[in-house]
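Subject: The structure we talked about

Hello,

Here is the structure I promised to pass on, with my notes below it. Please have it open while you read.

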Amino acid sequence: MLQIIISKNAKYSLSESAQMAIEGGAQWLLLKVDAQRADKMRGEIVDIVAMCKDKGIILTIENCIEQAREYGLHGVFISDNNISPLKVREELGAEAIIGSVVATPDSATSLYRGDIDYVAFSDIDNAKEFINDVRLCGCEIPIVAYVAGSKLSDTDLDTFKQSGFSGICSGEQIFSDSTDPVEKIAHIIKHLSPQT
């Protein structure tokens, strides 16, 4: 699983980034805009929502519960420690996709018991131990590598797979550093796909 973070950057608009991610084969986009900017970018977000609905792409937003509801998004990713994923679950209901950044195996297990769909972990150096500890608790919650600033080299991708991650959440570096984001996303997806 690859979640592509769609955020404002120096090269591309939100819509352009979303279009390139979809062209590259991404099946899950994560909008990263604060609530104030989301209100100012309403037209662009509406276009992205329509694009994702047309292509059957999952679209979530980071930390913006009201905007998720207003735009009919699939759910919310929580990276803000002041927002309770369990309260977001109550607000948005069982059908919403809710994910959250975590720092400890206990928090991952607690969120799993609270019907949170997935967790994200960013301490890649300690990922294998973290994932092992979560699994030893009998917790089968999907754990994604939250690597917003990573260049996602083949070595990085192999490390994420070998650590036991269920997927990767990244995007900012893909759009700012890559000469061809569509090709880069397609390459990442191919690299992450099980070999036949």
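Contacts between residues 24 or more positions apart make up 56% of those in the protein with a separation of 6 or more, where a contact means heavy atoms within 4.5 Å. Before you read further, please note that this is a predicted model, in which local features need pLDDT of at least 70 and side-chain atom pairs count only at pLDDT 80 or more, while totals for chains, interfaces and linings use all residues. Residues are numbered from 1 along each chain as its sequence is written, and side-chain values use heavy atoms, with hydrogens and water left out.

The overall picture

You will find 10 helices and 8 strands in the protein; these are DSSP runs numbered from the N terminus, with helices (H or I) of at least four residues and strands (E) of at least two. The protein is as compact as a globular protein of 196 residues, because its radius of gyration of 16 Å is close to the 16 Å that the globule rule gives for that length. That radius is taken over C-alpha atoms, and the rule is 2.2 Å times the number of residues to the power 0.38. Along the principal axes, the C-alpha atoms fill a box of roughly 45 × 40 × 30 Å.

Of the 196 residues, 50% count as buried. Here buried means under 20% relative accessible area, exposed means over 50%, and partly exposed is in between (1.4 Å probe, protein chains only). The accessible surface comes to about 9,500 Å², and carbon and sulfur atoms hold 49% of it. These areas come from the Shrake-Rupley method with a 1.4 Å probe, and for residues only the protein chains shown count as cover.

As for charge, there are 18 positive and 29 negative side chains, and the centres of the two sets lie 2 Å apart. Lys and Arg count as positive and Asp and Glu as negative, with His and the chain ends not counted. Each charge is placed at NZ of Lys, CZ of Arg, CG of Asp or CD of Glu.

Cysteines

How many disulfides does a search of the whole structure find? The search finds 0, a disulfide being a pair of cysteine sulfur atoms within 2.5 Å. For Cys 139, the closest cysteine sulfur is in Cys 137, 7.3 Å away, which is too far for a bond. Cys 139 is buried, at 1% relative accessibility. The sulfur of Cys 169 has its closest cysteine partner in Cys 52, but 14 Å is too far for a bond. Cys 169 is buried too, with a relative accessible area of 0%.

Two loop residues with positive phi

Asn 63 has a phi near 65 degrees, a positive value in a residue other than glycine. Asn 63 sits in the loop between strand E3 (58–62) and helix H4 (65–71), and its 22% relative accessibility makes it partly exposed. Asp 115 is not a glycine either, yet its phi is positive at about 70 degrees. You can find Asp 115 in the loop between helix H6 (105–113) and strand E6 (118–121), where it is partly exposed with a relative accessible area of 42%.

A few residues to look up

Ser 7 belongs to the loop between strand E1 (2–6) and H1. Is Ser 7 buried or exposed? Ser 7 is buried, with a relative accessible area of 11%. Leaving aside neighbours within four places in sequence, Ser 7 is in contact with Leu 14, Ser 17, Lys 32 and Glu 172.

Ser 15 is in helix H1 (residues 14–23) and counts as buried at 16% relative accessibility. Not counting residues up to four places away in sequence, Ser 15 touches Glu 44, Asp 47, Ile 48 and Met 51. Val 46 lies in helix H3 (residues 42–55) and is partly exposed, at 39%.

Lastly, Gln 162 is part of helix H8 (residues 154–163) and is exposed, at 58% relative accessibility. Its C-alpha atom is 8.0 Å from that of Lys 128, 34 residues apart along the chain.

Best wishes
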